[in-house]
Amino acid sequence: QVMLPLTGKTLLDHLQTPARTIYTMPWGEHKGKALADVPRDYRAYLLSLGDLEEDLRRSLKQLWIAGM
């Protein structure tokens, strides 16, 4: 079994978990704000964190790719 770093999950566990799109910031100073309304530099900072929850990371990357 392949264990994924920082998650404690196996690769199979990870692949079987459906992705969720996060639309609002779930915690911190910007809790409750739409992700698109969170300052871009703060979103970039969040993406630099190694232990960011994967659904939030994926949602932030989608905004980044969209140029938002």
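1. Helix α3 holds both glutamate 54 and arginine 57, three residues apart, about one turn of the helix. Helices here are DSSP runs of H or I with at least four residues, numbered from the N terminus. The two side chains meet in a salt bridge, 3.8 Å from N to O; the term means a side-chain nitrogen of Lys or Arg within 4 Å of a carboxyl oxygen of Asp or Glu. Arginine 57 is buried, at 11% relative accessibility, and glutamate 54 is partly exposed, at 35%. Buried means under 20% relative accessible area, exposed over 50%, and partly exposed in between (1.4 Å probe, protein chains only).

2. This is a predicted model, in which local features need pLDDT of at least 70 and side-chain atom pairs count only at pLDDT 80 or more, while totals for chains, interfaces and linings use all residues. Residues are numbered from 1 along each chain as its sequence is written, and side-chain values use heavy atoms, with hydrogens and water left out.

3. Aspartate 55 and arginine 58 also lie in helix α3, three residues apart. Their salt bridge has its closest N and O atoms 2.6 Å apart. Aspartate 55 is buried, with a relative accessible area of 10%, whereas arginine 58 is partly exposed at 30%. Salt bridges with shared partners join Arg20, Glu53, Asp55 and Arg58 into one network.

4. Arginine 20 and glutamate 53 form a salt bridge of 4.0 Å, N to O. This pair links distant parts of the chain, 33 residues apart: arginine 20 is in the loop between α1 and α2, glutamate 53 in the loop between α2 and α3. The whole structure has four salt bridges.

Note on methods:
Helix = DSSP H or I, 4+ residues; strand = E, 2+ residues; numbered from the N terminus.
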